[in-house]
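Try each task yourself before reading the solution.

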Amino acid sequence: MKENKVGRMIPDVYAEKYGVFVDQFDRKPTYKRASADVTAVLPGESKLRDSIKDVIIESGLKDGMTVSFHHHFREGDAVLNMVMAEIAKLGIKNLTLASSSIANVHEPIIEHIRNGVITNITSSGLRDKVGAAISSGILENPVVIRSHGGRARAIEMGDIEIDVAFLGAPSSDDYGNANGSHGKATCGALGYARVDAEFAKKVVIITDNLVPYPNTPISIPQNHVDYVVVVDSIGDPNGIAKGATRFTSNPKELLIAEYASKVITESPYFKNGFSFQAGSGGSALAVARFLKDEMIAKEVKAGFALGGLTGHMCQMLEEGLIDTIIDTQSFDRGAIESIKNNEKHYEISASMYANPGNKGAAVNKLDVVVLSALEVDTNFNVNVMTGSDGVIRGASGGHCDTAAGAKLSIILSPIVRGRIPTIVDNVNTIITPGQSIDVVVTEVGIAINPLRQDLIEAFKNLNIPQFTIEELRDKAYSIVGTPEPIKYGEKVVALIEYRDGSIIDVVNNVQRND
Amino acid sequence: MERLRRTMMFLPASNPGMLRDANLYGADSIMFDLEDSVSLKEKDSSRFLVYQAVKTFDYGDTEIIVRINDLAQGGRDDIHAMVRAGIDVIRLPKTESAEDVHAVEAVILEAETQCGREIGSTKIFTAIEGPLGVLNAYSIATSSQRIIGMAIGAEDYVTSMKTRRYPERASEEIFFARSMIVHAARAAGIAAVDTVFSDVNDPETLERETEFIKQLGFDGKSVINPRQIPIVNKVFRPSDKEIKNAMDVIAAINEAEARGSGVIALNGKMIDKPIVERAERVLMLARAAGIDVDGKGK
C-alpha cells in the first residue's frame, strides 16, 4: 500500500501502474498524441451499413477489445443498450466498456458483466443499479473512474485505446458528418463524442435522422468516421433533454444559492469580462439566476460561460449578459435550441474543455465555478461519487477539472441531507482534492479554505455567516450525530483517477449487513 | 428593548426538517404549529418533535412560538411539554374572550410550577379568528400580564362572517377586524401581527398587503413560506431619509445629554418622547435590514 498526498492508501499494484496523486498540478506531461489506425475510404465506397450487427462484424470487433459510447443522451439513450445487445448475441467477450458515463437506463450492462461480455469498465460515473452492482463486486477488475478532462487526456495519451466507438448522432449524412443539434432526438453539443471520433480506430455513427450530404453544422467530421448506420430511434427525446431545467423553489436551496451568488459578486473576480460555469442542479441554476440579477444591477457582463449548459444561461447570452458560450454538453431544450441558432454558442470537445494534458484547456480560463457535493470533509476534499452507504451512485464529471482550473471554486451543499451529514471528517471517496476548493456554501453559512487567505481577507465584510469547516462539521454532527464508518470489503471495485492520471482514491466493495 | 416582529413564520410541527432549519431564513419569530397543520394522528409525535427541537437546536435570537391545540383537545399536554422545553411564547388558537386566556394561563402556571421554571416567564400570544374575538379584542389584550401580542387569523374570521378573502379588493372585508386588533394591541401596549397571505406565488399582492398593514400600524405579518420573508422585511425596511432623520434625532439627544441640557431640538423643532420612540424603532428596523446605523461596519 502506498499513501498518497490526500492520505488515501492505494494498493501497490495500482500505485505502480498509475502513480499516486501528489498535487493538482504535479504532472505537466510532454507526450505524443495517440494515433489511431486509419482505413481509407475511396471514391464510390459507401459508409452506410444495414444494421448494427453488420457494422460490428465489419469493424472487426473481437474478444478483449475496447468499445466506447458517449452519454449526451443521458437517461434517454438507446444506443449503448442496442449495440451491447448485438455484441452479446455475436458472442464477443471480455470487452472493455469505455463509455463517457453510464446512466440508470444502462442497467442491462449488469447482465453483460455477469455473462463475461464486459470485463472492464472505464467511465465518469455509474448510477443507481449499475453502481450498486459494481459496488457489490460483480466485475472482476476495478472500474476506472475518470473525470471528463481525465478521460480526454487518457484517450489522447493512449491510456484508453478505443477499438470501436459507437456514437449516436441526432443527425448525420451518409458520410458521417454528424451533429447533435438537428433531428428528432437532439442533445446539443457532442463534446465527449468528438474525442472518441478523433482517436478511435473505428468510428461508427448511429443515427435516426439521415440527411443529405453535407450535414452541417459539423460536430463530428466525415474524415473521422468509418461507418454510418441508420436505426429507427437513437433514444427518447424526453430522457435526452428536459424541456427546461427548472429553478428550485426549495427555500434551503434558494438560500444556499443566494449565499453563493453573494460570494461570487463580492469576490475580486466579479468584473466585466469574468467567466463562470454553473451546473444544472437546482441550487446551481438558482445561483445563475441571482447572479444574473446582480450582473444587471451592477452592469457587469461576463466574457464567457462554460458548460454543461442550461437554457437559462443561453437566455443570458441572448440578453447580452454573456458574450460567448463554449459548450461540451447541453442540458435542456433551451440550450439545444441555442447551440443550433446562436453563433456565439460554440461547441467544443471534452479535450478542449478540460483535458489537463493538452496545450491548455478551457477550464484554465475560468474565473468562477459552482459545483455540488455529496460530501465535503474538513480538508475540503469533495466526494461526488459514493453515497453515505459507500455505494457508487455518482459521477466524477468535470468536478475536479473545473475546480482545478477556476480561480474561485465554490461548493454548494446543505450541511445535512435527510439524516446524513454532508460536512464530515473524511469523505468516503475523494474525487476533488481540497486544495482545488475555495469556498463551501451551506444554508447556515460559508467556510473558506484556509489556503485562500486572500479570499478570507476579501470576504472580511461579507454579510454572510462565516465558519471554519470544522465548525460546519460540528453543526452537522450536532444535528444527526457522528456517522458510523462504512464496512468495506477487501476487494477494490473502482479506481478513482485524478484528471492527471494518478490515483487519488480507491473504492472497495461494500459489505451488506443483511 | 422591544422585539421586532416583522415576520412570524408558520411551520407545521410535524416536519422535522423544517423544525431544524426554521431560523435560517431570517424570520423574526417562528411559530411551530401543533394545531391546524398537524393531522390528528400526528399530534403526539409533533409535540414530541417540537419538544426535542427546542431542547436540541440553537435558534439564536429568533423568537420561538408554539401554537397549541384547544385545551380540551390536547392543549394541556402541549402546554406542559412546551413549558418544559423552555419555549418563549405559547400561542392560543382562536381566542374569543378573556376567559380563554385565563384558562390557558392557569395551565401554564401549573406547568411552570411543576417543572421549576420561573413563574411568568412563558408568554402568551393571542390570535383573534372570529367576530366575537374581534369585538372582545381589547379585553383579551389586557387579560393577562403574560400577553405580549395579538394576531389576526383571517381565514376562520371571514368564514364566520359569511364572506371570503378578496385580496384583489384590498381585503376590505377584514378592515374592521384589522383595525380593532391593532387598536386593542396598541392600547394594551402589545404587538400586533397581521394574518397570512396564502398565495406564495403572488409576491406583488403580498407586498401591497404588507404596505397596507404597515400603514395601519401592525408590527408585522405572518408568513407561510420562507420566500415571503424578504418581501415583508423589505416593506418594513425604513427609507434612507427615515434612517437619516432617526440618526439625527438620536445624535441630538446624545448631544443634549452631553451638554446636560433638558431641552432637545433638531432643526428648530422640539424632540419629544414619541419622536424618540419612533426614531429608535426606525433604527431597530434598519439594523434588522442589515444597515450599518451604528458605524460598526457590516
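**Exercise 1.** Find which residues of α2(B) are exposed and which are buried, and say how the buried ones are arranged.

*Solution.* Start with the exposed side: B:Asp44 and B:Phe48 of α2(B) are exposed, where exposed means over 50% relative accessible area, buried under 20%, and partly exposed in between (1.4 Å probe, protein chains only). Next, list the buried residues of α2(B): B:Lys43, B:Ser46, B:Arg47, B:Val50, B:Ala53 and B:Val54. Looking down the axis of α2(B), these buried residues fall within an arc of 130 degrees, so they line one face of the helix; the arc is taken from the directions running from the helix axis to the C-beta atoms. Finally, look at what they pack against: α1 (16-21), β2 (29-33), β3 (63-67) and α3 (75-85) of chain B, with contact meaning heavy atoms within 4.5 Å. Helices (H or I, at least four residues) and strands (E, at least two) are DSSP runs, numbered from the N terminus.

A word on conventions: this is a predicted model, in which local features need pLDDT of at least 70 and side-chain atom pairs count only at pLDDT 80 or more, while totals for chains, interfaces and linings use all residues. Residues are numbered from 1 along each chain as its sequence is written, chains are lettered from A and ligands numbered from 1 in the order in which they are written, and side-chain values use heavy atoms, leaving out hydrogens and water.

**Exercise 2.** Describe the surroundings of A:Ser100.

*Solution.* First place the residue: A:Ser100 sits in the loop between β5 (95-97) and α4 (109-114) of chain A.

**Exercise 3.** How many residues does each chain bring to the contact, and which side chains form the salt bridge?

*Solution.* Count by chain: eight residues come from chain B and twelve residues from chain A. Now find the salt bridge: the side chains of A:Lys252 and B:Asp21 meet at 2.9 Å, N to O, the criterion being a side-chain nitrogen of Lys or Arg within 4 Å of a carboxyl oxygen of Asp or Glu.

Key: Lists of a residue's contacts leave out its neighbours within four places in sequence.
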